[in-house]
Amino acid sequence: MDISLEVNGRTENLDVGPGVTLLDALRERLDVTGPKKGCDRGQCGACTVHVGGRPVLACLTLAATVHEPVTTVDGLATGDDLHPVQQAFVDQDALQCGFCTSGQIMSAVAAVEQDVDDVREFMSGNLCRCSAYPNIVAAIEQARRTDASV
Amino acid sequence: MTPTRLEAPLKVTGRAKYGSDHNLPGMLHGYVVTSTIAHGEVTAMDVTAAKAAPGVVAVYSPFDPLVLRSPSNPMMGNTWVPLQDRDVTHRGQPVAFVVAETFEQARDAAALVEVSYAERPARTTLADHLDLGVDAPPGFDGTPSTHVVLDEGVESIDEAFAASAVVAGGTYTTPAQNHAAMEPHSAVAHWDGESLTVYSGNQAAAMQQGELASALELAPSAVHTVNPYVGGAFGGKGRTSVPAFLAAAASRALGRPVKAALTREQVFTATANRPETLQEVTLGADRDGTLVAVRHDSWCSAATDLSFVEPTSAGSGHAYRTPNLAISQKVVPLNIPRTTFMRAPGEAPGSFALESAMDELAVALNMDPIELRLRNSSLGPVGSDLQWSSKYLDDCYRIGADRFGWSARTPGGREDGDWLVGMGTATAMFPALQFPATTEITLRADDTALVSVGGADPGTGLLTVMALLGAESLDIPPERITPRLGLSAYPPGGLSGGSTATVSVGSAIVVTASAVLEELQAIASAPGAPFEGHDVTYADGRVLGGGRSMTFGELLTALGRDSISATGSAGPGEELTKHSFSSFGAQFCEVRVHRWTREVRVSRLLGVYDAGRIVNDKAARSQLMGGMIWGVSAALHEGLETEGDGRFANGDLAGYLVPVNADIPDIDVHFVQHPDTLHNPIGARGVGEIGIVGVAAAIANAVYNATGIRVRHTPITIEDLLEG
């Protein structure tokens, strides 16, 4: 079926089967490979993207059902200027292998935007086997300070 | 130095390309089919419907196989390759491979493959089959797996226990575990008619290149592996993966690029896991806590090919001084997926048993557990004349006790409202190893340098360490170093395993830098060169002689050269005849156990480590913190549960529990930095694995301190702490 997706500000028209997930549409059709496939079952969070500004699991979302703009980690930075959450992840060493990082960052952006009370609880849908958890919390705290100062 | 990770900007923007992030023109997609029995034979496979399904290009099986030879290398032994015969040795074994135009087509057609089996009874649990245990072969360093040391005049280890005033210990068990790296094993392979390029996360490019070349009967020079970014490994990506073998062979057969990835569920059965263990530990001591005898007998599970041993007893011959020691190691063949190295193989589950037993001995002696450990601190492996090159475990305990507030601990724990609060401690040890490595350094006319090695950085921080140690060796700022790794095109070395990469690659960088600078000085003073006829020296990125100096870039420019390069190698040597080498640490843990729900929360963790020189404080701290969280995971979360039919009851990331952010408190990591230059010129000893060692025991010991309940298995669950 013909669908149209707005991904990181660009409108993409593609022909996909009704069972194609947003994650596979992004990764395999549009070569947007920031979101990762860690489980394909909504168990790990590595595929987290924003749809209409809300974090969703791209592996549990059918591409054909998406009608709002999609933002992935690939579209967060402005040119060479990292988003404050991206910069905070670099500064706080909030990653090791980096495979979960795309999803962590998209959830972290939501945590900052929503000014959540319990960061650890909010971030618990994103597994990090390298276990950078304390540094991820520190990164979100840094980004919140940046956010508050602008 | 504490720079941020060099590749971090690529990882936070999605621009770091992992294996399956590569999309090539005309690429096909492969999907693996796995067995639904644990033991038997594939008698038939009906692939008619699968072959007729939309987009399907090929279906490979034992009846229509992709030809692959089983590769072998000295470190890993034989590596199993799929589809070569009809034997099924475990449930979830790859038995077919469907290739189609799209991922969805391959997946859907895979569901149409009908496999018939002749099933045989399966043995799947360790506890029921200890009688099948055979003596493990010697360790890779030649250490026998069964080892007895007796004091003069002592006839047997039992006699030593009979003469001990206090005896403590028990039977400890740990489950099979899966590395659960966030990146499932995957590959993109492209055969261009003469050579093969494979993008697939791995722990060393040269090893993967060698295995693929051998499996496909190609010259190694015809295989190019590209893995600069690896989504976690932890020992689970040492061997070349099933998708990499299948994608490579299928690409060669079909003449098109092929992408293949295991599903998360398949990662649990089609790769390899940490073995399950059962360990009996007995400790005998005098009334003052001086150890008289140590006994540690272990059994570990293995696949039917007995291709790996989890050496849990070995560490008990290193940790404490004892006049009498008896250790043994048996391995039990079962119809389970293959087993392999996983972060701190041997030490992680072995330390759970030994360090729990030490706590039990401290209780029996009514002695502080730290005092007991320090009283028996070893000078070297039991029965060896080679003492530790450098050991500051006492400092680790002293500093740790102070930072953690250990003096507030009481033998019965304390209460805080509805929470029972306890503290526990344990010793961490991990051998300091070095593997041979070769590096290449290129000095360029723009005053920058390339430092290259084929090894991997699956989140360890090796790339950044290469820049730091390259800068140090070439006497220029790190910003002027471009480190490169992960490609088989670079020199072999820097395998990510055994906590060795910093030491192995760093030592090679020292040798290579010296070689390239020697060459630089030689061309500087050669006839017709700017420093002709002068004695030249090198410092601060400059060649000096005859009262003037030039940067190496200026010199190369003056000589009309773009660059000069050298390669150099380093490896373990004579130091092995003079000392034993290990890293040490003291783990501290506070737990809170809810009085009514019996939920266990780790509320504080501290690790103080004596791991030689720390090259990059920031990354080392992160890696140790990660290791300690793996210890929390082992203690309270993870463990594969095997059904009688060989199925994993929890073989996915919903059922196989690993900690999430909310499970983890703030963690304190501290270093006692004493460079160990007896071991290697860098003075570092590696920090990848020691962080996990001892943590599970420290937690179990803290749970005992809080509740009075001794749990001798992991993971510790609520059920274990329900009373009466």
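Which residues in H11(B) meet which residues in H12(B)? Select helix H11 (residues 462-474) and helix H12 (residues 501-524) of chain B; helices are DSSP runs of H or I with at least four residues, strands are runs of E with at least two, and both are numbered from the N terminus. B:Leu462, B:Val465, B:Met466, B:Leu469, B:Gly470, B:Ser473 and B:Leu474 meet B:Ala501, B:Thr502, B:Val505, B:Gly506, B:Ile509, B:Val510 and B:Ala513, where contact means C-beta atoms, placed from the backbone, within 7 Å.

This is a predicted model, in which local features need pLDDT of at least 70, side-chain atom pairs count only at pLDDT 80 or more, and totals for chains, interfaces and linings use all residues. Residues are numbered from 1 along each chain as its sequence is written, and chains are lettered from A and ligands numbered from 1 in the order in which they are written.

Stay on the two helices. Their axes, lines fitted to C-alpha atoms over the stretch in contact, are 9 Å apart at an angle of about 30°. That makes H11(B) roughly parallel to H12(B) (angles under 35 degrees).

Next, select chain A. Chain A has 5 helices and 5 strands, in the order β-β-α-β-β-β-α-α-α-α along the sequence. Its C-alpha trace spans about 45 × 30 × 25 Å along the principal axes. Of the 150 residues in chain A, 56% are buried (20 or more other C-beta atoms within 10 Å of their own).

Last, show both chains. Their contact takes 48 residues from chain A and 47 residues from chain B. On the chain A side, H5(A) gives the largest share, 5 residues.

Methods:
Axes are lines fitted to C-alpha atoms, for helices over the stretch in contact, and angles run from 0 to 180 degrees between N-to-C directions. Angles under 35 degrees count as roughly parallel, over 145 as roughly antiparallel, 65 to 115 as roughly perpendicular and the rest as oblique. Two residues are in contact if their C-beta atoms, placed from the backbone, lie within 7 Å. A residue is buried if 20 or more other C-beta atoms lie within 10 Å of its own, exposed if 12 or fewer, and partly exposed in between; C-beta atoms are placed from the backbone.
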